[in-house]
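Morning, everyone. Please have a look at the screen, and then I'll walk you through what we have.

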Amino acid sequence: MRNGTTHCRYAEDVNPAFPAEIMAKPGGEALRDCIQCGTCSGACPMSVHMDLTPRRVIALTRAGLERDVLESATPWLCASCYECQVRCPRDIKVTEVMYALKRRAIEKGMYPKRFPIPVLAKAFYNMVATHGRNSESRLLIELAFRTNPFSLLKMAPIGIKLLRTGRMALGQDHTKNPKEIKAILDAMEES
Ligand code: SF4
Ligand code: SF4
């Protein structure tokens, strides 16, 4: 994870369409009203763990520095507590912007590599879209293979116990009509 220090940026690093893309998402509309006061960063309980503070995420998004923002761990570490949002003096929907950035990151496949949260979110969505339902064991195995295969060795003893006691199954669960779930997800994507 990068530490968010300021480094030189060039014209080719800028995607001029990026600010408008995020402003078009629900909650992103007021992005340009930010006065960079830093209240959001000061209020955020997760900011000490973030590579970019919420204030910087807003600034870089407005500047069109798409890769810096989408490859940051910050949107994925956001706990959706809304502290930043209720305190912002300019009514910027910071939490909603974080959601918009996560959606954009998944759409573009531009997120911190081997960072588990976006991989998990994408695998979960694909599983529900295909089968109508999540299957915990398969999801965990897919997550491990895509991020840290060695973690399977660590998880194996507890996984075997759960399988033996019938608290976890290896099969793929599915709803009677997964296409209905897919239609709902598609409608949400379009809205
Ligand atoms: S609190 Fe609001 S106005 Fe201040 S930096 Fe954060 S988003 Fe911008
Ligand atoms: S909603 Fe996210 S960014 Fe805002 S204060 Fe909470 S953890 Fe921080």
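Let's start with a term. Helices (H or I, at least four residues) and strands (E, at least two) are DSSP runs, numbered from the N terminus. Now the ground rules. This is a predicted model, where local features need pLDDT of at least 70, side-chain atom pairs count only at pLDDT 80 or more, and totals for chains, interfaces and linings use all residues. Residues are numbered from 1 along each chain as its sequence is written, while chains are lettered from A and ligands numbered from 1 in the order in which they are written.

First, the overall picture. How many helices and strands does the chain have? There are 11 helices and 0 strands. The C-alpha trace spans about 55 × 35 × 35 Å along its principal axes. The chain splits into domain 1 (11-108) and domain 2 (116-190). Those bounds come from an automatic or database domain assignment. The C-alpha centres of the two domains are 29 Å apart.

Next, the ligands. A residue counts as near a molecule if its C-beta atom, placed from the backbone, lies within 6 Å of it. Take ligand 1. It has 14 residues around it, and the closest are Cys34, Cys37, Thr39, Cys40 and Cys88. Helix 2 (39-43) and helix 3 (54-62) each give two or more residues to this shell. A word on classes: Ala, Val, Leu, Ile, Met, Phe, Trp, Tyr, Cys and Pro count as nonpolar, Asp, Glu, Lys and Arg as charged, and the others, Gly among them, as polar. So sorted, the shell around ligand 1 has 9 nonpolar, 3 polar and 2 charged residues.

On to ligand 2. Which residues come nearest to ligand 2? They are Cys44, Cys78, Cys81, Glu83 and Cys84, out of 14 around it. Helix 6 (83-87) and helix 7 (94-108) each supply at least two residues of that shell. Helix 7 gives the largest share, 3 residues. By class, the shell around ligand 2 holds 11 nonpolar, 2 polar and 1 charged residues.

Last, helix packing. Axes are lines fitted to C-alpha atoms, for helices over the stretch in contact, and angles run from 0 to 180 degrees between N-to-C directions. Helix 8 (residues 116-131) packs on helix 9 (residues 136-147) at about 140°, with axes 10 Å apart. Helix 8 and helix 9 are therefore oblique: angles under 35 degrees are roughly parallel, over 145 roughly antiparallel, 65 to 115 roughly perpendicular, and the rest oblique.

Now helix 8 against helix 11 (residues 178-190). Their axes come within 6 Å and cross at roughly 130°. That makes this pair oblique, too. Contact means C-beta atoms, placed from the backbone, within 7 Å. Helix 8 brings Val128, Ala129, Thr130 and His131, and helix 11 brings Pro178, Ile181, Lys182 and Leu185. This contact has 5 nonpolar, 2 polar and 1 charged residues.

Key:
Contact = placed C-beta atoms within 7 Å.
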